[in-house]
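Welcome! Here is a short tour for someone meeting this structure for the first time. Have a look at the sequence and the model, and then read on.

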Amino acid sequence: MKKLLLAGALLLGAATPPANAVDDGGTPPAPPPAGVFPYPHTIATLKNGLQVVMVPRRGSGLLAYYTLVRVGSRNEVEPGRSGYAHFFEHMMFRGTEKYPQDKYEDVIKRYGANNNAYTDDDLTVYTIFGRAEGLEKFVEIEADRFQNLKYSRAAYETEAKAILGEYNKSRSDPDEKMYEELCNAAFTRHTYKHTTIGFEADIRSMPQGYDYSLGFFRKYYSPDNTTVILVGDFAPERARALIESAYGGWRGRAVEPKTAREPPQRAERKVELPWDRPAQPKMMMGWHTPEATPRTARERAVASLLQELVFGSTSPLYQDLVLDKQISDELDAWSPDRREPHLFVVTASARDPARLPEILAAIDAELSRVAAHGVDEKRLAAVKSRERYAFLSSLERDSAVADTLANILGITGNLQWLDQQFTALDAVTNDDIKAFVARYLVPANRTLVTLRVPGEGE
């Protein structure tokens, strides 16, 4: 639900190779000029469209081998077919004829590696992190499963039932269920209406979707929609030769989904979520905010800053509600960058359900104050500095670097976004903050979900 690195999942650019990319067989690109990203790196594109990003960091003996596919729940445009991007995150571990599941896992264990995957609105990422000596085998097993995935109808049906179990487990978490209700109410047309795991009814019918699943795989799992990211202790020339050999014969072209543009919201929407188990009273609200593009870079930077400036632990609002009055235990905000317009989300809890309206009124009053007067200039400068420092300090591990690059490319298709975002961040003024809050963080643009806990109102 919530995955934040300051610049780890930020802007949408064209899904085209960067300016320094070269075709298969050309001269490897020179390292890009120095920017926010602190490590030398190269980006190349094979003839079949596969993008390869290499960040050599010699001496650690470790390697992160990540594979990004630009497919997420956003792609699920057909009615009744939500959840298939997440489904394939599961099915990709079912194996191939050459490397069935147990043999694949044997390779992972041999090199002391961890492997996993995750799916979000706009992307799916497959991860391996282990000893660098495993590079050749990592290339071999990953190239094999992306080109030769094979699963039976019986295996498909078994996994589909497992996903229903995962949904039922997540539904027992009030935060997960509130977010599901928030997206469902806030979006009326766009596929962001359903969360990554999908609608319950679609998941229940998934066991009958075997043939559809094969088509979904062919539609989106293609070289031109995929990026291989290597970070760690490896020789770039050898790595590229291995990748070209293993992936060069992969064919296919991705289909870009025709998502519906979400119309402007003109009036506040409210959802009351009954909860039959003990839980802390809380509310979750979301305001529609712009997608991450070069055109909206300044607004996306403002959204990033407002998470701390207005709702963070150093904010006046947090001081008032959580520390001074002690009527709330939680005040949190996040604003995920997405390929298309998404939400600025705030969660607030209450020790007493009767105080929820008071907390909401305090949030509205603070937003009105910021829209009129802005924020303290010293705090603004401090939060800007902290954002940059937090980003750079998050890049110590090879796996964290690979994860950050996967998210940037998954959202934007272009690593240049990193410099664009920090340039915009440095340029944000109080006038930008006031304009953003006055335009977007207003009641008419808000969807509010309130958790009704046992005993409330009785």
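## Helix α9 and helix α14

Helices α9 and α14 are roughly perpendicular to each other, because angles from 65 to 115 degrees count as such. Their axes cross at roughly 70° and come within 8 Å. The crossing of this pair is right-handed. Please keep in mind as you explore that this is a predicted model.

Which residues make this contact? On the α9 side they are Ala297, Arg298, Arg300, Ala301 and Leu305, and on the α14 side Trp417, Gln421, Ala424, Leu425 and Ala427. Sorted by class, the contact of α9 with α14 holds 7 nonpolar, 1 polar and 2 charged residues.

## Helix α9 and helix α15

Helix α9, which covers residues 297-309, also packs against helix α15, residues 430-440. Here the angle is about 90° and the axes are 10 Å apart, so α9 and α15 are roughly perpendicular to each other.

From α9, the residues Arg298, Glu299, Val302, Ala303, Leu306 and Leu309 take part, and they meet Asp432, Ile433, Phe436, Val437, Arg439 and Tyr440 of α15. This contact of α9 with α15 has 8 nonpolar and 4 charged residues, and no polar ones.

## Helix α10 and helix α11

Next come helix α10 (residues 316-324) and helix α11 (residues 356-373), whose axes lie 11 Å apart at an angle of about 165°. How are the two oriented, roughly parallel or roughly antiparallel? Angles over 145 degrees count as roughly antiparallel, and α10 and α11 are therefore roughly antiparallel to each other. In passing α11, helix α10 makes a right-handed crossing.

Pro316, Leu317 and Leu321 are the residues of α10 in this contact, and their partners in α11 are Ile359, Ala362, Ile363 and Glu366. By class, the contact of α10 with α11 counts 6 nonpolar residues, 1 charged residue and no polar ones.

Now let us turn to single residues. Asp122 sits in the loop between β4 (114-119) and β5.

Leaving aside residues up to four places away in sequence, Asp122 touches several others, among them Arg70, Arg74, Arg338 and Gly410. Between the C-alpha atoms of Asp122 and Thr259 there are 12 Å, while 137 residues separate the two along the chain.

## Thr124, in strand β5

Thr124 belongs to strand β5, residues 124-131. With a relative accessible area of 0%, Thr124 is buried. A polar atom of its side chain lies 2.8 Å from the backbone oxygen of Val71. Val71 is also one of the residues that Thr124 touches, a list including Thr67, Leu68, Ala85, Glu89 and Tyr221.

## Lys47, an exposed loop residue

Our last stop is Lys47, in the loop between β1 (42-45) and β2 (51-56). Lys47 has a relative accessible area of 68% and is exposed, since the cut-off for that word is over 50%. The C-alpha atoms of Lys47 and Glu244 are 9.4 Å apart, although these residues stand 197 residues apart along the chain.

Note on methods. Residues are numbered from 1 along each chain as its sequence is written. This is a predicted model: local features need pLDDT of at least 70, side-chain atom pairs count only at pLDDT 80 or more; totals for chains, interfaces and linings use all residues. Side-chain values use heavy atoms; hydrogens and water are left out. Axes are lines fitted to C-alpha atoms, for helices over the stretch in contact, and angles run from 0 to 180 degrees between N-to-C directions. Helices (H or I, at least four residues) and strands (E, at least two) are DSSP runs, numbered from the N terminus. Angles under 35 degrees count as roughly parallel, over 145 as roughly antiparallel, 65 to 115 as roughly perpendicular and the rest as oblique. A crossing is left-handed if the near helix is turned anticlockwise from the far one by less than a right angle, and right-handed if clockwise. Contact means heavy atoms within 4.5 Å. Ala, Val, Leu, Ile, Met, Phe, Trp, Tyr, Cys and Pro count as nonpolar, Asp, Glu, Lys and Arg as charged, and the others, Gly among them, as polar. Buried means under 20% relative accessible area, exposed over 50%, partly exposed in between (1.4 Å probe, protein chains only). A polar contact is a pair of N or O atoms within 3.5 Å; within protein, one must be able to donate a hydrogen and the other to accept it, and residues adjacent in sequence count only if both atoms are side-chain atoms.
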